[in-house]
Amino acid sequence: MYRNLRRKDREMDQESAIRLLTEGEYAILSTTDVEGQPYGVPLNYCYLNNHLYFHCALEGHKLDNIRSNNKVSFCVVGKTRVLAEKFSTEFESVVVFGKANIVEGEEKYKALIGLIEKYSPEFLAEGKEYIARYDARTAVVKIMIEHLSGKARR
């Protein structure tokens with residue numbers, strides 16, 4: 001599950017990488033279309049039970065890509081600080097490689113609750129009503145993590 005990095009001195013331990021996946025504000029999902037054209041899109045997500053989840057509309061570019069090739073890359077960048085005098089940057093990031101699939105039923109509901117708990121925890125009751133109102137117009141995608149690597153310069 002943990003891919004080796006060239007710069008061992010910057011490698012994050014698995015616990016730190018999972019913490020960044022859990023706490024990260026947003027990620028870039030990368031897919032490819034049927035012609036091999038890469039596509040990267042920022043999105044909100046949650047990390048639950050060793051999987052990543054995000055929601056989206058029922059149709060669109062990323063779902064078309066996932067349906068034709070479910071291999072994805074998922075990148076979360078945490079804290080950064082430019083070190084101008086050193087011509088460098090302090091950073092932390094995690095890159096995930098995995099397979100994405102649309103989920104339904106209880107798993108979909110739990111993922112949507114996970115998103116509300118992460119981004120709007122003080123509005124859980126209203127969030128549940130929102131889920132009920134828009135469930136039929138919402139897709140949820142699960143990314144099964146096959147490899148991940150975290151890197152940091154602190």
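## Helices and strands

Helices here are DSSP runs of H or I with at least four residues, and strands are runs of E with at least two. By that count, this predicted model has four helices and eight strands.

## Overall shape

How does the chain's radius of gyration sit with that of a compact globule? For 154 residues, a compact globule would come out near 15 Å, and the chain has 17 Å, which agrees. Its C-alpha atoms fill a box of roughly 50 × 45 × 30 Å along the principal axes.

Now for contacts: among those with a separation of 6 or more, 68% link residues 24 or more positions apart.

## Inside the chain

Of the 154 residues, 38% are buried. The largest nonpolar core has 28 residues, and Leu-21, Leu-29, Leu-52, Phe-54 and Phe-74 have the most contacts inside it. Several elements give two or more residues to this core, including α1 (14–23), β1 (27–32) and β5 (71–77). Which element gives the most? That's β8, with six residues.

Take Leu-29 as an example. Leaving out residues up to four places away in sequence, Leu-29 touches a whole list of others, among them Tyr-39, Val-41, Phe-54, Ile-66, Phe-74 and Ile-143.

Another core lies apart from the largest one; this other core has 10 residues, including Ala-111, Leu-112, Ile-116 and Val-140.

The chain exposes about 9200 Å², with carbon and sulfur atoms supplying 50% of it. As for charge, there are 23 positive and 22 negative side chains, and the centres of the two sets lie 6 Å apart.

How values were computed:
Residues numbered from 1 in each chain as written. Predicted model: local features only at pLDDT ≥ 70, side-chain atom pairs only at ≥ 80, totals over all residues. Heavy atoms only, no water. Rg over C-alpha atoms; globule rule 2.2 N^0.38 Å. Buried < 20%, exposed > 50% of the residue type's maximum accessible area, 1.4 Å probe, protein only. Contact = heavy atoms within 4.5 Å. Areas by Shrake-Rupley, 256 points an atom, 1.4 Å probe, with all protein chains shown as cover. Lys, Arg positive; Asp, Glu negative; His and termini not counted. Charge placed at Lys NZ, Arg CZ, Asp CG, Glu CD. Core = buried A, V, L, I, M, F, W, Y, C linked by side-chain atoms within 4.5 Å.
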